[in-house]
Amino acid sequence: MINADVETKTKTDEAIFAAFKGGDSNALGTIYDRYGLLVYRLIYRMLNNSQEAEDLTQEIFLSLQERPNYNPQRGSFYTYLMMLTRSRTIDRLRAKRSQGKFWQDLGKIKDLVGRHNSVNPIDSVSIKERATKVRQALESLSSNQRQILELSYYEGLSQSEIAKRLNLPLGTVKTHSRRGLLQLRKNLHNLVN
Amino acid sequence: MTNNSESHNLEELLAGYVLGNLDETELAWLNEQFTANPQLREEVKQLEATLTLMPYELPENVPKSDLRQAILDNVQAKYSHKPRLPRLSWIIGAVTAFSTLWLGINNYGLRQQLASANQQLEQHQELISLLRQPNNRLVSFQGLEALPTASGSLFIAPQKQKAVLALQNLPSLSGKQVYRLWAISPGKKTGCANFTPDREGTVHLELSNDALSNANSLLITIEPEANTLQPKGNPIMKGYYSL
(Lines give C-alpha, C1' and ligand atoms only; values in the text may rest on other atoms or scores of the structure.)
Protein backbone atom coordinates (compact mmCIF):
# COMPACT_ATOMS: atom_id res chain seq x y z
CA MET A 1 0.00 0.00 0.00
CA ILE A 2 2.79 2.41 0.93
CA ASN A 3 4.68 1.40 -2.19
CA ALA A 4 1.54 1.96 -4.22
CA ASP A 5 1.16 5.47 -2.76
CA VAL A 6 4.76 6.31 -3.54
CA GLU A 7 4.33 4.97 -7.01
CA THR A 8 1.21 7.08 -7.55
CA LYS A 9 2.91 10.20 -6.30
CA THR A 10 5.77 9.85 -8.71
CA LYS A 11 3.54 9.34 -11.71
CA THR A 12 3.07 12.16 -14.19
CA ASP A 13 -0.26 13.91 -14.41
CA GLU A 14 -0.73 12.46 -17.86
CA ALA A 15 -0.22 8.89 -16.62
CA ILE A 16 -2.65 9.44 -13.76
CA PHE A 17 -5.27 10.88 -16.05
CA ALA A 18 -4.80 7.92 -18.39
CA ALA A 19 -5.41 5.58 -15.43
CA PHE A 20 -8.55 7.52 -14.51
CA LYS A 21 -9.76 7.35 -18.08
CA GLY A 22 -9.12 3.61 -17.98
CA GLY A 23 -11.55 3.19 -15.09
CA ASP A 24 -9.44 3.88 -11.98
CA SER A 25 -11.73 6.33 -10.20
CA ASN A 26 -9.22 6.80 -7.35
CA ALA A 27 -6.85 8.43 -9.83
CA LEU A 28 -9.18 11.42 -9.81
CA GLY A 29 -8.43 11.80 -6.12
CA THR A 30 -4.75 12.15 -6.96
CA ILE A 31 -5.53 14.76 -9.59
CA TYR A 32 -7.62 16.62 -7.03
CA ASP A 33 -4.81 16.45 -4.47
CA ARG A 34 -2.49 18.06 -6.96
CA TYR A 35 -4.70 20.73 -8.48
CA GLY A 36 -8.11 20.74 -6.80
CA LEU A 37 -7.35 23.76 -4.64
CA LEU A 38 -5.89 25.72 -7.55
CA VAL A 39 -9.00 25.06 -9.58
CA TYR A 40 -11.17 26.12 -6.66
CA ARG A 41 -9.11 29.26 -5.99
CA LEU A 42 -9.14 30.35 -9.60
CA ILE A 43 -12.91 29.99 -9.76
CA TYR A 44 -13.34 31.69 -6.40
CA ARG A 45 -11.17 34.59 -7.56
CA MET A 46 -13.20 34.96 -10.73
CA LEU A 47 -16.71 34.51 -9.29
CA ASN A 48 -16.05 35.81 -5.78
CA ASN A 49 -18.50 33.30 -4.35
CA SER A 50 -17.35 30.26 -2.39
CA GLN A 51 -20.47 28.15 -2.92
CA GLU A 52 -20.46 28.74 -6.66
CA ALA A 53 -16.74 28.00 -6.70
CA GLU A 54 -17.30 24.66 -4.96
CA ASP A 55 -20.11 23.71 -7.31
CA LEU A 56 -18.17 24.62 -10.42
CA THR A 57 -15.02 22.87 -9.17
CA GLN A 58 -17.02 19.72 -8.73
CA GLU A 59 -18.60 20.17 -12.13
CA ILE A 60 -15.21 20.52 -13.80
CA PHE A 61 -13.76 17.42 -12.16
CA LEU A 62 -16.83 15.42 -13.07
CA SER A 63 -16.60 16.67 -16.63
CA LEU A 64 -13.21 14.97 -16.81
CA GLN A 65 -15.12 11.73 -16.42
CA GLU A 66 -17.99 12.57 -18.72
CA ARG A 67 -15.97 14.21 -21.46
CA PRO A 68 -12.35 13.11 -21.14
CA ASN A 69 -11.19 15.29 -24.02
CA TYR A 70 -7.64 15.82 -22.82
CA ASN A 71 -5.10 14.74 -25.39
CA PRO A 72 -1.51 14.38 -24.09
CA GLN A 73 -0.21 15.08 -27.58
CA ARG A 74 -1.53 18.60 -27.30
CA GLY A 75 0.07 19.66 -24.06
CA SER A 76 0.39 19.22 -20.32
CA PHE A 77 -2.57 18.09 -18.29
CA TYR A 78 -2.15 20.96 -15.85
CA THR A 79 -2.39 23.59 -18.57
CA TYR A 80 -5.41 21.83 -20.02
CA LEU A 81 -7.14 21.68 -16.65
CA MET A 82 -6.55 25.32 -15.83
CA MET A 83 -7.60 26.56 -19.24
CA LEU A 84 -10.68 24.38 -19.03
CA THR A 85 -11.40 25.85 -15.60
CA ARG A 86 -10.97 29.42 -16.77
CA SER A 87 -13.03 28.80 -19.87
CA ARG A 88 -15.90 27.32 -17.84
CA THR A 89 -15.74 30.11 -15.32
CA ILE A 90 -15.82 32.71 -18.06
CA ASP A 91 -18.94 30.99 -19.37
CA ARG A 92 -20.43 31.32 -15.89
CA LEU A 93 -19.41 34.98 -15.73
CA ARG A 94 -20.91 35.54 -19.13
CA ALA A 95 -24.19 34.08 -17.97
CA LYS A 96 -24.09 36.27 -14.90
CA ARG A 97 -23.16 39.47 -16.62
CA SER A 98 -25.05 38.82 -19.85
CA GLN A 99 -22.96 41.20 -21.84
CA GLY A 100 -21.97 40.71 -25.41
CA LYS A 101 -19.02 42.03 -27.24
CA PHE A 102 -15.98 41.79 -25.07
CA TRP A 103 -16.45 38.06 -24.74
CA GLN A 104 -15.54 37.76 -28.38
CA ASP A 105 -12.00 38.72 -27.48
CA LEU A 106 -11.93 35.99 -24.89
CA GLY A 107 -12.94 33.44 -27.43
CA LYS A 108 -9.44 33.26 -28.77
CA ILE A 109 -8.07 32.39 -25.36
CA LYS A 110 -10.85 29.90 -24.76
CA ASP A 111 -10.18 28.23 -28.06
CA LEU A 112 -6.66 27.52 -26.99
CA VAL A 113 -7.83 24.94 -24.45
CA GLY A 114 -6.17 21.66 -25.21
CA ARG A 115 -3.34 23.05 -27.34
CA HIS A 116 -0.28 22.92 -25.13
CA ASN A 117 3.05 21.27 -24.91
CA SER A 118 3.51 17.99 -23.16
CA VAL A 119 5.84 19.35 -20.52
CA ASN A 120 4.64 18.84 -17.01
CA PRO A 121 5.78 22.14 -15.53
CA ILE A 122 5.34 21.25 -11.92
CA ASP A 123 6.37 17.70 -11.54
CA SER A 124 8.69 17.77 -8.59
CA VAL A 125 8.15 21.11 -6.93
CA SER A 126 5.63 21.51 -4.17
CA ILE A 127 2.63 23.79 -4.45
CA LYS A 128 4.08 26.22 -1.91
CA GLU A 129 7.38 26.46 -3.71
CA ARG A 130 5.64 27.10 -6.98
CA ALA A 131 3.33 29.64 -5.36
CA THR A 132 6.35 31.51 -4.02
CA LYS A 133 7.99 31.57 -7.43
CA VAL A 134 4.87 32.73 -9.20
CA ARG A 135 4.31 35.52 -6.66
CA GLN A 136 7.90 36.66 -7.00
CA ALA A 137 7.59 36.58 -10.77
CA LEU A 138 4.45 38.70 -10.66
CA GLU A 139 6.01 41.13 -8.21
CA SER A 140 8.81 41.76 -10.65
CA LEU A 141 6.32 43.14 -13.19
CA SER A 142 5.38 46.80 -13.23
CA SER A 143 2.18 47.51 -11.35
CA ASN A 144 0.40 48.32 -14.62
CA GLN A 145 1.57 45.13 -16.26
CA ARG A 146 0.44 43.01 -13.33
CA GLN A 147 -2.88 44.79 -12.90
CA ILE A 148 -3.72 44.53 -16.60
CA LEU A 149 -2.77 40.86 -16.75
CA GLU A 150 -4.90 40.10 -13.70
CA LEU A 151 -7.89 42.04 -14.98
CA SER A 152 -7.63 40.21 -18.26
CA TYR A 153 -7.05 36.76 -16.77
CA TYR A 154 -9.33 36.73 -13.74
CA GLU A 155 -12.08 39.07 -14.72
CA GLY A 156 -12.19 38.31 -18.38
CA LEU A 157 -12.17 41.96 -19.36
CA SER A 158 -11.31 42.97 -22.89
CA GLN A 159 -8.36 45.27 -23.51
CA SER A 160 -10.68 48.17 -24.34
CA GLU A 161 -12.64 47.64 -21.13
CA ILE A 162 -9.41 47.60 -19.17
CA ALA A 163 -8.30 50.79 -20.94
CA LYS A 164 -11.57 52.40 -19.95
CA ARG A 165 -11.38 51.24 -16.37
CA LEU A 166 -7.76 52.33 -15.88
CA ASN A 167 -8.13 55.42 -18.02
CA LEU A 168 -5.23 54.41 -20.27
CA PRO A 169 -4.88 54.42 -24.07
CA LEU A 170 -5.79 51.07 -25.65
CA GLY A 171 -2.34 50.75 -27.24
CA THR A 172 -0.69 51.19 -23.86
CA VAL A 173 -2.87 48.50 -22.32
CA LYS A 174 -1.99 46.06 -25.07
CA THR A 175 1.71 46.79 -24.77
CA HIS A 176 1.65 46.38 -20.99
CA SER A 177 -0.20 43.08 -21.14
CA ARG A 178 2.03 41.63 -23.86
CA ARG A 179 5.29 42.72 -22.27
CA GLY A 180 4.00 41.62 -18.89
CA LEU A 181 3.34 38.12 -20.17
CA LEU A 182 6.74 37.95 -21.86
CA GLN A 183 8.40 39.05 -18.64
CA LEU A 184 6.43 36.48 -16.69
CA ARG A 185 7.55 33.73 -19.01
CA LYS A 186 11.13 34.81 -18.58
CA ASN A 187 10.76 34.79 -14.80
CA LEU A 188 9.00 31.43 -14.72
CA HIS A 189 11.17 29.84 -17.34
CA ASN A 190 12.13 26.96 -15.08
CA LEU A 191 8.55 26.13 -14.19
CA VAL A 192 7.29 26.35 -17.75
CA ASN A 193 10.00 24.08 -19.06
CA MET B 1 15.34 34.37 -30.59
CA THR B 2 17.47 37.35 -31.59
CA ASN B 3 17.13 40.84 -30.22
CA ASN B 4 16.49 42.75 -33.42
CA SER B 5 13.36 44.88 -33.63
CA GLU B 6 11.46 42.41 -35.80
CA SER B 7 11.84 39.50 -33.40
CA HIS B 8 10.91 41.77 -30.53
CA ASN B 9 7.79 42.69 -32.36
CA LEU B 10 7.14 39.03 -33.14
CA GLU B 11 7.45 38.08 -29.49
CA GLU B 12 4.99 40.75 -28.45
CA LEU B 13 2.55 39.63 -31.08
CA LEU B 14 2.87 36.03 -29.88
CA ALA B 15 2.02 37.26 -26.39
CA GLY B 16 -0.87 39.26 -27.79
CA TYR B 17 -2.06 36.15 -29.60
CA VAL B 18 -2.16 34.17 -26.37
CA LEU B 19 -3.89 37.05 -24.58
CA GLY B 20 -6.40 37.36 -27.41
CA ASN B 21 -5.74 41.05 -28.02
CA LEU B 22 -4.40 41.14 -31.60
CA ASP B 23 -6.13 43.28 -34.16
CA GLU B 24 -6.89 41.88 -37.60
CA THR B 25 -3.72 43.16 -39.27
CA GLU B 26 -1.53 41.76 -36.51
CA LEU B 27 -3.31 38.43 -36.62
CA ALA B 28 -2.95 38.16 -40.39
CA TRP B 29 0.76 38.94 -40.18
CA LEU B 30 1.27 36.44 -37.38
CA ASN B 31 -0.58 33.73 -39.26
CA GLU B 32 1.88 34.19 -42.10
CA GLN B 33 4.71 33.73 -39.62
CA PHE B 34 3.09 30.54 -38.31
CA THR B 35 2.93 29.17 -41.82
CA ALA B 36 6.55 30.07 -42.51
CA ASN B 37 7.82 28.81 -39.18
CA PRO B 38 5.70 26.13 -37.45
CA GLN B 39 8.15 26.16 -34.53
CA LEU B 40 6.48 29.38 -33.39
CA ARG B 41 3.65 27.23 -32.10
CA GLU B 42 6.02 26.04 -29.40
CA GLU B 43 6.49 29.63 -28.28
CA VAL B 44 2.72 29.97 -28.10
CA LYS B 45 2.47 26.86 -25.96
CA GLN B 46 5.04 28.19 -23.52
CA LEU B 47 3.22 31.50 -23.19
CA GLU B 48 -0.06 29.68 -22.60
CA ALA B 49 1.57 27.51 -19.95
CA THR B 50 2.96 30.66 -18.30
CA LEU B 51 -0.47 32.22 -18.10
CA THR B 52 -1.97 29.14 -16.48
CA LEU B 53 0.58 29.39 -13.66
CA MET B 54 -0.97 32.65 -12.45
CA PRO B 55 -3.47 31.01 -10.06
CA TYR B 56 -0.54 29.96 -7.87
CA GLU B 57 -0.40 33.55 -6.63
CA LEU B 58 -3.95 33.45 -5.27
CA PRO B 59 -4.73 33.50 -1.53
CA GLU B 60 -4.83 30.05 0.01
CA ASN B 61 -8.58 29.74 0.33
CA VAL B 62 -10.02 26.29 0.87
CA PRO B 63 -13.52 24.97 0.18
CA LYS B 64 -15.86 24.85 3.16
CA SER B 65 -17.04 21.34 2.40
CA ASP B 66 -15.07 18.18 1.73
CA LEU B 67 -15.01 18.77 -1.99
CA ARG B 68 -12.58 15.93 -2.68
CA GLN B 69 -14.86 13.34 -1.11
CA ALA B 70 -17.93 14.80 -2.80
CA ILE B 71 -16.28 14.55 -6.20
CA LEU B 72 -15.10 10.99 -5.61
CA ASP B 73 -18.55 9.93 -4.36
CA ASN B 74 -20.12 11.36 -7.48
CA VAL B 75 -17.62 9.65 -9.73
CA GLN B 76 -18.11 6.32 -7.97
CA ALA B 77 -21.88 6.68 -8.26
CA LYS B 78 -21.59 7.32 -11.97
CA TYR B 79 -19.22 4.41 -12.45
CA SER B 80 -21.67 2.10 -10.72
CA HIS B 81 -24.62 3.31 -12.74
CA LYS B 82 -23.10 4.24 -15.99
CA PRO B 83 -20.80 1.47 -17.20
CA ARG B 84 -21.36 -0.61 -20.21
CA LEU B 85 -24.13 -2.79 -18.83
CA PRO B 86 -26.80 -0.09 -19.14
CA ARG B 87 -25.65 0.57 -22.66
CA LEU B 88 -25.78 -3.15 -23.36
CA SER B 89 -29.19 -3.42 -21.73
CA TRP B 90 -30.35 -0.49 -23.79
CA ILE B 91 -29.24 -2.29 -26.93
CA ILE B 92 -30.92 -5.49 -25.79
CA GLY B 93 -34.04 -3.48 -24.98
CA ALA B 94 -34.02 -1.88 -28.39
CA VAL B 95 -33.49 -5.20 -30.14
CA THR B 96 -36.27 -6.75 -28.07
CA ALA B 97 -38.61 -3.89 -28.87
CA PHE B 98 -37.90 -4.08 -32.57
CA SER B 99 -38.18 -7.87 -32.52
CA THR B 100 -41.50 -7.65 -30.71
CA LEU B 101 -42.75 -5.11 -33.19
CA TRP B 102 -41.56 -7.21 -36.12
CA LEU B 103 -43.07 -10.36 -34.66
CA GLY B 104 -46.28 -8.48 -33.97
CA ILE B 105 -46.51 -7.31 -37.55
CA ASN B 106 -45.51 -10.73 -38.80
CA ASN B 107 -48.08 -12.35 -36.53
CA TYR B 108 -50.75 -10.00 -37.78
CA GLY B 109 -49.78 -10.86 -41.35
CA LEU B 110 -49.94 -14.57 -40.59
CA ARG B 111 -53.35 -14.19 -38.96
CA GLN B 112 -54.58 -12.35 -42.02
CA GLN B 113 -53.24 -15.10 -44.26
CA LEU B 114 -54.80 -17.74 -42.04
CA ALA B 115 -58.16 -15.98 -42.09
CA SER B 116 -57.92 -15.64 -45.84
CA ALA B 117 -56.94 -19.30 -46.22
CA ASN B 118 -59.84 -20.36 -43.98
CA GLN B 119 -62.20 -18.28 -46.05
CA GLN B 120 -60.86 -19.85 -49.23
CA LEU B 121 -61.17 -23.30 -47.68
CA GLU B 122 -64.78 -22.62 -46.73
CA GLN B 123 -65.46 -21.42 -50.25
CA HIS B 124 -63.84 -24.53 -51.69
CA GLN B 125 -65.75 -26.76 -49.33
CA GLU B 126 -68.91 -25.00 -50.29
CA LEU B 127 -68.07 -25.39 -53.94
CA ILE B 128 -67.36 -29.09 -53.46
CA SER B 129 -70.64 -29.36 -51.65
CA LEU B 130 -72.34 -27.66 -54.57
CA LEU B 131 -70.60 -29.90 -57.08
CA ARG B 132 -71.83 -32.96 -55.22
CA GLN B 133 -75.45 -31.94 -55.68
CA PRO B 134 -77.53 -33.90 -58.22
CA ASN B 135 -79.11 -32.00 -61.13
CA ASN B 136 -76.33 -29.44 -61.24
CA ARG B 137 -76.09 -27.44 -64.43
CA LEU B 138 -73.23 -25.65 -66.07
CA VAL B 139 -73.66 -22.69 -68.40
CA SER B 140 -70.79 -21.78 -70.65
CA PHE B 141 -70.39 -18.05 -71.51
CA GLN B 142 -68.72 -16.65 -74.59
CA GLY B 143 -68.20 -13.04 -75.62
CA LEU B 144 -70.13 -11.79 -78.64
CA GLU B 145 -68.70 -9.55 -81.36
CA ALA B 146 -68.07 -6.58 -79.12
CA LEU B 147 -66.09 -8.67 -76.59
CA PRO B 148 -64.68 -11.70 -78.41
CA THR B 149 -62.09 -12.51 -75.73
CA ALA B 150 -64.53 -12.51 -72.82
CA SER B 151 -65.46 -15.95 -71.50
CA GLY B 152 -66.66 -17.73 -68.40
CA SER B 153 -69.23 -20.04 -66.91
CA LEU B 154 -72.15 -20.20 -64.52
CA PHE B 155 -72.53 -23.14 -62.25
CA ILE B 156 -76.06 -23.72 -61.01
CA ALA B 157 -77.04 -26.03 -58.15
CA PRO B 158 -80.88 -26.01 -58.22
CA GLN B 159 -81.35 -28.03 -55.05
CA LYS B 160 -79.21 -25.60 -53.08
CA GLN B 161 -80.78 -22.68 -54.93
CA LYS B 162 -77.34 -21.34 -55.55
CA ALA B 163 -75.23 -20.43 -58.52
CA VAL B 164 -71.63 -19.27 -59.02
CA LEU B 165 -70.71 -17.01 -61.89
CA ALA B 166 -67.09 -16.78 -63.03
CA LEU B 167 -66.07 -14.54 -65.94
CA GLN B 168 -62.84 -13.19 -67.34
CA ASN B 169 -61.51 -10.57 -69.75
CA LEU B 170 -64.24 -8.08 -69.07
CA PRO B 171 -63.27 -4.40 -69.57
CA SER B 172 -64.00 -1.98 -66.74
CA LEU B 173 -66.94 0.36 -67.15
CA SER B 174 -67.36 4.06 -66.69
CA GLY B 175 -69.81 6.06 -64.60
CA LYS B 176 -72.88 4.24 -63.37
CA GLN B 177 -72.61 1.50 -65.98
CA VAL B 178 -72.82 -2.07 -64.79
CA TYR B 179 -72.82 -5.52 -66.29
CA ARG B 180 -76.15 -7.29 -65.82
CA LEU B 181 -77.01 -10.97 -66.05
CA TRP B 182 -80.35 -11.86 -67.56
CA ALA B 183 -82.22 -15.17 -67.43
CA ILE B 184 -84.12 -15.70 -70.63
CA SER B 185 -87.20 -17.85 -70.58
CA PRO B 186 -89.98 -17.89 -73.20
CA GLY B 187 -91.47 -14.43 -73.39
CA LYS B 188 -89.56 -13.17 -70.38
CA LYS B 189 -86.19 -11.62 -69.53
CA THR B 190 -85.44 -11.57 -65.83
CA GLY B 191 -82.60 -9.45 -64.41
CA CYS B 192 -80.62 -11.63 -62.00
CA ALA B 193 -77.57 -9.66 -60.90
CA ASN B 194 -75.52 -6.53 -61.44
CA PHE B 195 -71.76 -6.78 -61.31
CA THR B 196 -68.51 -5.09 -62.22
CA PRO B 197 -65.18 -6.82 -62.84
CA ASP B 198 -62.10 -6.37 -60.70
CA ARG B 199 -58.91 -4.71 -61.96
CA GLU B 200 -57.89 -7.86 -63.76
CA GLY B 201 -61.17 -8.06 -65.58
CA THR B 202 -62.51 -11.08 -63.71
CA VAL B 203 -65.79 -11.66 -61.93
CA HIS B 204 -66.58 -14.14 -59.15
CA LEU B 205 -70.14 -13.92 -58.00
CA GLU B 206 -72.38 -16.12 -55.94
CA LEU B 207 -76.04 -15.94 -56.83
CA SER B 208 -79.29 -17.27 -55.53
CA ASN B 209 -82.05 -16.83 -58.02
CA ASP B 210 -84.78 -19.24 -59.00
CA ALA B 211 -85.04 -17.69 -62.45
CA LEU B 212 -81.61 -19.11 -63.31
CA SER B 213 -82.80 -22.70 -62.92
CA ASN B 214 -85.75 -22.18 -65.20
CA ALA B 215 -84.00 -20.19 -67.89
CA ASN B 216 -83.50 -21.43 -71.44
CA SER B 217 -80.57 -19.21 -72.03
CA LEU B 218 -78.59 -16.43 -70.36
CA LEU B 219 -77.42 -13.03 -71.50
CA ILE B 220 -75.04 -10.43 -70.17
CA THR B 221 -75.50 -6.80 -71.16
CA ILE B 222 -73.92 -3.48 -70.28
CA GLU B 223 -76.58 -1.34 -68.63
CA PRO B 224 -76.48 2.43 -68.10
CA GLU B 225 -77.38 1.86 -64.46
CA ALA B 226 -78.05 -0.96 -62.01
CA ASN B 227 -81.30 -2.86 -61.62
CA THR B 228 -82.85 -2.09 -64.98
CA LEU B 229 -86.06 -4.08 -65.49
CA GLN B 230 -85.44 -4.72 -69.18
CA PRO B 231 -82.15 -4.85 -71.05
CA LYS B 232 -81.30 -1.42 -72.46
CA GLY B 233 -77.86 -2.28 -73.76
CA ASN B 234 -76.84 -4.78 -76.41
CA PRO B 235 -75.86 -8.31 -75.31
CA ILE B 236 -72.09 -8.70 -74.99
CA MET B 237 -72.02 -12.32 -73.79
CA LYS B 238 -74.32 -15.22 -74.23
CA GLY B 239 -74.58 -18.38 -72.17
CA TYR B 240 -75.26 -21.85 -73.38
CA TYR B 241 -76.15 -24.81 -71.20
CA SER B 242 -73.42 -27.36 -71.59
CA LEU B 243 -74.59 -29.76 -68.85
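A: Here are some notes on the chains and where they touch.

Q: What kind of model is it, and how are residues numbered?
A: This is a predicted model: local features need pLDDT of at least 70, side-chain atom pairs count only at pLDDT 80 or more, and totals for chains, interfaces and linings use all residues. Residues are numbered from 1 along each chain as its sequence is written, while chains are lettered from A and ligands numbered from 1 in the order in which they are written.

Q: OK, chain B. How many helices and strands?
A: Six helices and eight strands. Both are DSSP runs, numbered from the N terminus: helices are H or I with at least four residues, strands E with at least two.

Q: In what pattern along the sequence?
A: Chain B reads α-α-α-α-α-β-β-β-β-β-β-α-β-β.

Q: How many residues of chain A are in contact with chain B?
A: 52 residues of chain A, against 38 residues of chain B. Contact means C-beta atoms, placed from the backbone, within 7 Å.

Q: Which helix of chain A gives the most to that side?
A: Helix 3 of chain A, with eleven residues.

Q: Now helix 10 of chain A. What does it span?
A: Its 18 residues reach 26 Å from first C-alpha to last, close to the 26 Å expected at 1.5 Å a residue. The expected span is 1.5 Å times one less than the number of residues.

Q: Which residues there are buried?
A: Among them are A:Val173, A:His176, A:Leu181 and A:Arg185. Buried means 20 or more other C-beta atoms within 10 Å of the residue's own, with C-beta atoms placed from the backbone.

Q: And chain B, what share is buried?
A: 22% of its 243 residues.

Definitions and conventions. Buried ≥ 20, exposed ≤ 12 C-beta atoms within 10 Å, placed from the backbone. Contact = placed C-beta atoms within 7 Å.
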